[in-house]
Amino acid sequence: MIEMNIDWGSDCFNCGHREAIIYSTSSLVGTFHDGDEVKCCNCGHKGEMDARGEDSDITWDEGLSQDLPEAVAKSLKEVS
């Protein structure tokens with residue numbers, strides 16, 4: 001499994017952070033497959049890749065992650 005950091009996908013559903021890690025199942029460095037696991041670099045929220053060539057994006061899991069860092073959880077409570 002190859003880890004790739006990206007900053008071009010949709011913002012995290014939990015915290016709005018732009019950077020994520022793709023856990024690629026591809027054997028070619030720099031590529032990924034549809035359904036590869038994704039994790040937010042800030043809060044750890046998970047999702048998966050929707051691989052559509054240049055229109056590829058992240059599909060974040062619905063609902064808030066229960067494992068949010070304390071500062072992120074506090075910030076989200078203040079905003080809501």
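## Strand 5

Buried means under 20% relative accessible area, exposed over 50%, and partly exposed in between (1.4 Å probe, protein chains only). Strands (E, at least two residues) and helices (H or I, at least four) are DSSP runs, numbered from the N terminus.

This is a predicted model, in which local features need pLDDT of at least 70, side-chain atom pairs count only at pLDDT 80 or more, and totals for chains, interfaces and linings use all residues. Residues are numbered from 1 along each chain as its sequence is written, and side-chain values use heavy atoms, with hydrogens and water left out.

## Strand pairing

Strand 4 (residues 46-50) runs antiparallel to strand 5, and four bridges join them; two strands pair if DSSP finds at least two bridges between them. Gly-47 has Trp-60 as its bridge partner, and Asp-50 has Asp-57. Six residues lie between the strands of this hairpin, where Gly-53 takes a positive phi near 65°.

Strand 3 (residues 37-40) is also antiparallel to strand 4, joined by three bridges. Glu-37 is partnered with Glu-48. Five residues separate the two strands of this hairpin, and Gly-44 in the turn has a positive phi of about 85°.

Asp-61 sits in the loop between strand 5 (57-60) and helix 1 (70-79). With a relative accessible area of 39%, Asp-61 is partly exposed.
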